[in-house]
Amino acid sequence: MSHMMDKSAENSDEDRVSLKSNVKTPSEGAVKETMGMLQTFRKSIRRAAEKSPMLSGGKGSKSTPRSDAADNESSSPPPPSPSLSAGSPMTSPMTSPMTSPMTSPMTSPMTSPIQSIGGLFQKKDEEEVDTEQKSKGLTRSKTDPNGVRLGGSLMKKGASLRRSLKFNTKKDKDKTNRKEQLDHVSEFSGEEKKEEKEEEEEEECGEMDETYTLPELPHTPLSVMQINNLIEMEVLEEAHLNLLALRREFQQEQERCGEDSPMELAKKEKDLNLLYGHLRNKVNTIARDSNSFPSRNKGLLVPVARIIQEEEQRADQPGGLTDSWMEAWREAVCEGVQLKVEGVHLEQREKNVSWLAVHLGLLGKAIVEDLEIVRKQLRWSYPPSFKVFSTYVKSYHRVVGQHLKKLEPQVTELKDLYALLDWIINRYKSERIMGSPSLQPDLKDASADLQLEDDFLKQLKEKYCCRVKEDLRSALDNIIKLENKEVWSEQKAPEREDNVLISDIDMDIQTIVKGNMKSSGQIDAQLEQRVISSCLEELKQFPKRFETEFRRHCGALRPQTLWTEYHITYINSFTALQEHMEGHQAACPQEVEGFRKEVKWLIVRLTQDLEDQFKEDVKHCLRKMMTRKWLTNDDDFKQLYEQTEQLSHHCTLMRPPHAQEFASRLHYHVVREYAGCLMKNNYSCKNRKHEKAATKIREQWRKLRDLFAEMESTHEWLHHVGEDLSDIIIQKNKTDIKNHLQPLVEHYPDFSKKHLVAVLYFRGLTRGREHQRILQRFSQLKKSGSGACDKSRLLFSDMEFTVNTNCFSNLPFSCLSAFFPDN
């Protein structure tokens with residue numbers, strides 16, 4: 001920069017000398033000379049403005065033919081310009097290098113006061129041009145081929161600026177009102193014309209040529225400060241040509257000096273680095289903002305592209321930047337895309353429950369609109385090798401992926417996680433965004449997938465499944481609370497449907513699980529399967545939690561009927577819930593099996609509660625069977641029958657197969673306890689009372705058999721025991737008893753000699769020769785039996801029995817063993 005300041009000081013000194021030497025007279029001559037200098041200065045400013053895309057709005061600087069430049073010099077000779085690039089007046093190679101950089105009022109840092117004076121004459125000059133155009137019409141001037149274009153451009157921009165600042169004249173207002181009326185009348189036709197115009201403009205546009213011819217470099221480059229000013233004013237083509245000329249000088253001096261680099265060469269290298277850095281920053285800024293301000297930067301992109309191409313070709317030459325210009329351009333494009341993405345409106349979660357869905361919708365819209373601008377406008381300012389549209393698409397893949405990664409910590413609710421996953425997996429590639437018809441066919445060969453981190457999508461799905469489990473756990477807890485509030489605390493009778501007790505528990509849970517399945521299935525099948533697995537894992541813990549709360553609130557519930565109905569209701573509900581979950585056996589076999597086991601044990605425990613309660617209710621009735629009172633009084637049996645009949649009615653309200661299983665268990669218990677009373681030696685029928693007892697056993701047994709048949713008990717094999725025992729007891733002749741042993745042995749292989757002794761005791765036959773013959777016959781039948789007994793049909797082996805040994809008190813033990821060899 002010291003080199004730059006030295007040259008600036010030299011310029012300012014020479015400017016002051018030049019001004020002093022031109023002063024001839026103190027009055028009129030000085031004024032004329034000053035006016036002439038100002039007029040010359042304005043014309044040089046016009047030439048710089050013609051090259052500046054900020055003022056002309058074109059695609060780079062326009063080249064001025066040498067013949068026109070000669071005409072311009074003959075009509076009004078300007079001060080000599082140091083620039084040798086196309087689009088600026090050429091200086092003769094023989095011109096002294098000391099005069100060229102010092103006499104350029106456009107770039108000298110000491111010309112700011114003159115520029116302010118020149119601005120006073122700018123408006124007058126434009127008015128003269130405007131008046132001349134009105135009188136002669138819009139024809140191209142011979143002396144200034146770009147004058148009409150520049151004047152028209154400035155007038156259009158001035159009118160646009162006035163409209164933007166609301167400084168409308170009455171005539172402007174009238175025109176505006178008339179235009180609004182016409183637009184209101186022909187709105188539809190106007191839209192069609194607009195679309196047709198856009199299509200025509202797109203058809204007229206064509207890609208830049210890949211190859212180009214670099215203009216001749218200036219023999220003597222501008223000063224560092226002047227090149228820097230050209231870069232700042234965005235006269236990039238001329239600045240780059242002078243920078244290449246300066247770089248050529250540096251390379252030549254470096255070759256002459258060899259390894260011995262003088263201080264001057266080091267300064268020039270430093271100046272080159274500073275200028276190239278400034279140019280790189282300017283190029284990157286233009287590329288970055290080109291999609292945000294396409295109309296402003298569209299013309300600047302042409303020299304930007306050529307500069308990048310030229311620098312890429314000279315990458316191995318000394319004096320330039322070491323890193324890639326093309327890569328820097330891609331990063332600048334990516335930065336512009338990032339600014340677009342970060343500029344999309346994002347509300348706070350506390351202010352809008354749909355904050356993420358709204359943001360993603362706006363983000364998708366912004367992506368499509370920006371890529372349409374790139375496709376219709378920006379890509380025509382680049383050669384094909386830049387692959388502009390593909391570069392912007394890849395930048396959006398990358399930037400949007402990073403943006404979603406930043407949003408992820410804020411996404412905690414299930415609905416927001418769903419919105420984010422659905423947007424990533426489905427909507428981003430759909431017709432709403434990357435699959436938009438307006439972007440086709442430019443996107444047909446490009447990937448439409450977001451560029452995400454390796455585990456980001458996996459972590460997001462895992463987070464979604466965990467949130468599903470948490471929400472399901474909370475929902476299940478609320479179901480228990482609601483059941484307690486509306487049913488248990490109110491002692492409300494359960495509802496019935498198709499003569500079955502039901503509750504809303506299974507339907508509520510099924511609805512929640514199905515909703516989660518449907519939502520996740522709309523994202524993808526893999527997530528749906530993981531969600532099902534998560535739901536089943538959480539449901540596995542629910543039966544125990546429900547049972548704990550049910551026992552806590554309904555353990556001592558009265559009346560007994562309501563307590564029984566609640567048990568049957570929840571047996572039905574969890575049975576239905578298990579059936580619903582069985583449909584996921586193929587997708588999640590382990591989780592379904594785990595849930596099935598938990599439901600099974602809950603139903604077993606609830607059923608066991610009902611069974612235990614029934615046993616407790618009929619225990620005192622069964623104790624009094626086969627006694628003297630039983631023989632003369634039916635009250636105890638009636639109570640047993642009523643309790644069984646009532647439970648039979650409740651069994652009809654239970655879903656199969658649990659109703660049959662429960663009835664079978666009750667059937668077995670009643671038969672075993674009823675027949676077991678014969679084994680306790682509570683009573684012995686004497687004086688022919690055995691006939692009355694046998695008849696009563698047969699009648700009561702038939703009633704119980706019919707009742708359990710109505711309950712659809714699966715233990716039909718229990719129906720014979722009453723008939724077989726009563727046949728033995730009812731025989732008048734003791735000798736006939738041994739002829740009725742075979743059915744009992746065949747039906748119940750676990751019927752042993754000790755059980756037969758107890759039955760004979762109830763019959764009144766306790767000893768004697770016939771007693772021994774009966775036991776011998778029984779032993780023969782057991783030996784000739786089929787062998788091993790069926791363990792599923794064991795009845796007597798679990799019965800308690802009591803042997804009355806009073807009649808054998810005087811016999812030795814060896815005799816007793818003869819009667820009871822198997823004992």
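**Salt bridges, ring pairs and a charged patch**

Arg596 and Glu593 join their side chains in a salt bridge, with N and O 1.9 Å apart. Please keep in mind that this is a predicted model. Across the whole structure, a search finds 45 salt bridges.

**Salt bridges**

- Helix H23 (residues 589-623) holds both Arg596 and Glu593, which sit 3 residues apart, about one turn of the helix.
- Glu593 has a relative accessible area of 30%, so Glu593 is partly exposed.
- Glu413 and Arg467 form another salt bridge, whose closest N and O atoms are 3.8 Å apart. This pair links distant parts of the chain, 54 residues apart: Glu413 lies in the loop between H16 and helix H17 (414-427), and Arg467 in helix H18.
- Both partners are partly exposed, Glu413 at 38% relative accessibility and Arg467 at 22%.
- A network of salt bridges links Glu413, Arg467, Glu470 and Asp471.
- Arg688 pairs with Glu691 in a salt bridge, at 3.0 Å between the closest N and O atoms; Glu691 is partly exposed at 22% relative accessibility.

**Aromatic pairs**

- The count comes to 23 aromatic pairs. In one of them, the ring centres of Trp329 and Tyr382 are 5.2 Å apart with planes at 55°, so the pair is tilted.
- Trp329 and Tyr382 are both buried.
- Ring pairs also link a cluster of Trp488, Phe542, Phe546, Phe550, Tyr566, Tyr570 and Phe574.

**Negative surface patch**

- Glu486, Glu490, Glu495, Glu497, Asp498, Asp504 and Asp508 form a negative surface patch.
- Glu490 is found in the loop between helix H18 (456-488) and strand E1 (495-497), and counts as exposed at 57% relative accessibility.

Key:
Residues numbered from 1 in each chain as written. Predicted model: local features only at pLDDT ≥ 70, side-chain atom pairs only at ≥ 80, totals over all residues. Heavy atoms only, no water. Patch = residues over 30% accessible without salt bridge, like charges linked within 9 Å, V, L, I, M, F, W, Y side chains within 5 Å. Areas by Shrake-Rupley, 256 points an atom, 1.4 Å probe, with all protein chains shown as cover. Salt bridge = Lys/Arg side-chain N within 4 Å of Asp/Glu carboxyl O. Lys, Arg positive; Asp, Glu negative; His and termini not counted. Charge placed at Lys NZ, Arg CZ, Asp CG, Glu CD. Helix = DSSP H or I, 4+ residues; strand = E, 2+ residues; numbered from the N terminus. Buried < 20%, exposed > 50% of the residue type's maximum accessible area, 1.4 Å probe, protein only. Phe/Tyr/Trp six-rings, centres within 6.5 Å; stacked < 30°, edge-to-face > 60°.
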